[in-house]
Amino acid sequence: MRRHLSILMWLARSSLWKLLALFLLTAGAEAVWFFLALQNAPDTSLETLAGGGALALPCAVSLLLSALLGRVGCDLGARQSYTLCRLAVTEKAVFTWQWIYNSGCFLLFWAFQLAVSFGLCAMYTAQAEPSLVSGQTVFLAFSRVALLHALLPLEETFLWFRNAFFVLALGAACAALPYRQRRRRLGWEIAAACTIALFGFPAGVGQWEGNGISLLLMVFLLLECCFCVYGREGELVNEGT
């Protein structure tokens, strides 16, 4: 058990401080962008500001987050290779713990971005024209703006379920990249997962077809990653190494 905990410690040392810095930079950039947009157009509604790009930055940052997580464990130098060998654990165990760690980071990013969005909405209600603000302003924004509604789906259970699969699939795709790279194979799953998340995560109310398609694609990627490591393909690769 101590060796498995060592994997988590290695992952945290390799990327946690970078992730925290990325979170803070993202929040700062969004706050500045949102504030400037509000100052330039004080008579603009919250829905227009939130849907006009001021909160779209997280979609691009999620790609940086994926690249950062996926880079951990890649055979890019002797130091990481030595660390993995010294831990004396199986490759499947490394993938599993990295999958868990990555998924936790994406879950944290989701929660952090939701908190930032609430904070920016509070900034708007405090600075906007009184005629534009009511007790339902924030609620209506989270109901009508696709990105905000995806972050907090309210009563749409299907979107909560879809978001959970997004987190798991992105975590698995990021863990599959170093797993494949250490075997001199192409880790294409991370590019596919990022593309689906970039275009498929924002979800308006009642958009069942688009959400269903993005969910099916993420489920396929998740199963493919699991087959790559735990299934027949993983066994064949392990036999050849």
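Reader: Which helix is Leu36 found in?

Author: Leu36 sits in helix H1, which covers residues 2–40. Bear in mind that this is a predicted model.

Reader: What makes Leu36 partly exposed, rather than buried or exposed?

Author: Its relative accessible area is 46%. Buried means under 20% and exposed means over 50%, so Leu36 falls in between and is called partly exposed. Together with Val32 and Phe35, Leu36 makes a nonpolar surface patch of about 260 Å².

Reader: And why is Asn102 called buried?

Author: Asn102, in helix H5 (residues 91–127), has a relative accessibility of 1%. The cut-off for buried is under 20%, so Asn102 counts as buried.

Reader: What does the side chain of Asn102 reach?

Author: The backbone oxygen of Gly171, at 3.3 Å. A polar contact has to be within 3.5 Å, so this pair meets that distance limit. Beyond four places in sequence, Asn102 is in contact with Leu69, Gly171, Cys174 and Ala175.

Reader: What about the protein overall: how many helices and strands does it have?

Author: There are 11 helices and 0 strands. Of its 241 residues, 49% are buried.

Reader: How do you know how confident the predictor is?

Author: From pLDDT, which runs from 0 to 100. The protein averages 81, and 84% of the residues score at least 70. Over residues 234–241, though, pLDDT stays under 50.

Methods. Residues are numbered from 1 along each chain as its sequence is written. This is a predicted model: local features need pLDDT of at least 70, side-chain atom pairs count only at pLDDT 80 or more; totals for chains, interfaces and linings use all residues. Side-chain values use heavy atoms; hydrogens and water are left out. Contact means heavy atoms within 4.5 Å. Patches are made of residues with over 30% relative accessible area and no salt bridge: like charges are joined within 9 Å, nonpolar side chains (Val, Leu, Ile, Met, Phe, Trp, Tyr) within 5 Å. Accessible areas come from the Shrake-Rupley method with a 1.4 Å probe; for residues, only the protein chains shown count as cover. A salt bridge is a side-chain nitrogen of Lys or Arg within 4 Å of a carboxyl oxygen of Asp or Glu. Helices (H or I, at least four residues) and strands (E, at least two) are DSSP runs, numbered from the N terminus. Buried means under 20% relative accessible area, exposed over 50%, partly exposed in between (1.4 Å probe, protein chains only). A polar contact is a pair of N or O atoms within 3.5 Å; within protein, one must be able to donate a hydrogen and the other to accept it, and residues adjacent in sequence count only if both atoms are side-chain atoms.
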